[in-house]
Amino acid sequence: MARAGFGLLSVLLSLLVIGFLGAVALNHYWSVTPDPRAGGAPGEGVRPDRSARLAEAQAISSRAMTALTLCAQTTGMAGGMAGGTAGGMTGRASGGCSLAEIASSAGVGPSGVTADGRWQITSAEISTGGGGGALTGQVSITGVGGSAAGLSASLFATPGGMVSRCDVGGAPPPSSPSSGRGC
C-alpha cells in the first residue's frame, strides 16, 4: 500500500527554509529603513509643517535640475556653466541656456520666484565633471515669503547620484553635499 502526503521531516525542512528567507528579508528591510532614534534621519527635529515646505523646495529644485540637465544634453554642453546673472539667479550654460530660459520648465518665473512668491531659485549650475563626462551641479532655493520664509534647500548632482540638503534656521542654502541636514 502506497502512502500519500508529506512526512514530518519534509514539513520541518520547508518551515526552516521559509523562516530563513523571512529572516533575510526582514534583515534587509531593517537595514534600509532609517531609524529615527539613530540621530541622522532626514527631517529629524523638523516640525511637520516645515517638513512639507521642504518637500516643496525639493520638488522645485528637482524640476530645475531636470531642466538644466535637458538643456545641457540638447545644447551639447562641453564647457559647463559660465558666470552670469538672470534676475537673482546665477549661471549660464555654455550652449546658450540661461536660467531665465529654463525657468518655465522649473515651474518658476523668469526671476526664479514661484507664482505664490514663497520660493526663489538663487543659483543653478551644471557642468560636465569627472571621468566619463558625468554631469555635476547644484540648484539652490530659498524661502522668501509666507510659510517658506527661513527655509532653504540645495540639490547636488554628484557622480554618485543626487544629494539633497536643507536648512531650517534661516541660513543660506547649503553650499556642499555635506553641509546642512538631510531632507
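Let's start with helix 2, residues 48–75, and helix 3, residues 99–106: their axes come within 8 Å of each other and cross at roughly 125°. Axes here are lines fitted to C-alpha atoms, for helices over the stretch in contact, and angles run from 0 to 180 degrees between N-to-C directions. Two packed helices are described by the angle between their axes and the distance between the axes.

Before going on, a word on what we are looking at. This is a predicted model, where local features need pLDDT of at least 70 and side-chain atom pairs count only at pLDDT 80 or more, while totals for chains, interfaces and linings use all residues. Residues are numbered from 1 along each chain as its sequence is written, and side-chain values use heavy atoms, with hydrogens and water left out.

Back to our pair. Helix 2 and helix 3 are therefore oblique to each other; angles under 35 degrees count as roughly parallel, over 145 as roughly antiparallel, 65 to 115 as roughly perpendicular, and the rest as oblique. The crossing of helix 2 past helix 3 is right-handed, meaning that the near helix is turned clockwise from the far one by less than a right angle.

Which residues of helix 2 and helix 3 make the contact? From helix 2 we have Ile60, Arg63, Ala64, Ala67, Leu68 and Cys71, and from helix 3 Leu99, Ile102, Ser105 and Ala106. Contact means heavy atoms within 4.5 Å. By class, 8 residues in this contact are nonpolar, 1 is polar and 1 is charged. For those classes, Ala, Val, Leu, Ile, Met, Phe, Trp, Tyr, Cys and Pro count as nonpolar, Asp, Glu, Lys and Arg as charged, and the others, Gly among them, as polar.

Take Cys71, which sits in helix 2. At 4% relative accessibility, Cys71 counts as buried. Buried means under 20% relative accessible area, exposed over 50%, and partly exposed in between (1.4 Å probe, protein chains only). Cys71 and Glu101 are 30 residues apart along the chain, with 9.6 Å between their C-alpha atoms.

Now follow the chain out of helix 3. Gly109 is in the loop between helix 3 and strand 3, and it is partly exposed at 22% relative accessible area. Thr114 lies in the loop between helix 3 and strand 3, which spans 119–129. Is Thr114 buried or exposed? With 9% relative accessibility, Thr114 counts as buried. Leaving out residues up to four places away in sequence, Thr114 touches Ile60, Gly107, Val108 and Trp119.

Next comes Ala153, in strand 5, residues 152–158. Ala153 counts as buried, at 1% relative accessibility. Among the residues that Ala153 touches are Ala57, Val139 and Cys166. Ala153 and Ser61 are 92 residues apart in sequence, yet 8.0 Å apart in space, C-alpha to C-alpha.

Let's finish with the whole chain. How many helices and strands are there in the protein chain? There are 3 helices and 7 strands, in the order α-α-β-β-α-β-β-β-β-β along the sequence. Helices (H or I, at least four residues) and strands (E, at least two) are DSSP runs, numbered from the N terminus. Of the 183 residues, 33% count as buried. And among contacts between residues at least 6 apart in sequence, 43% join residues at least 24 apart.
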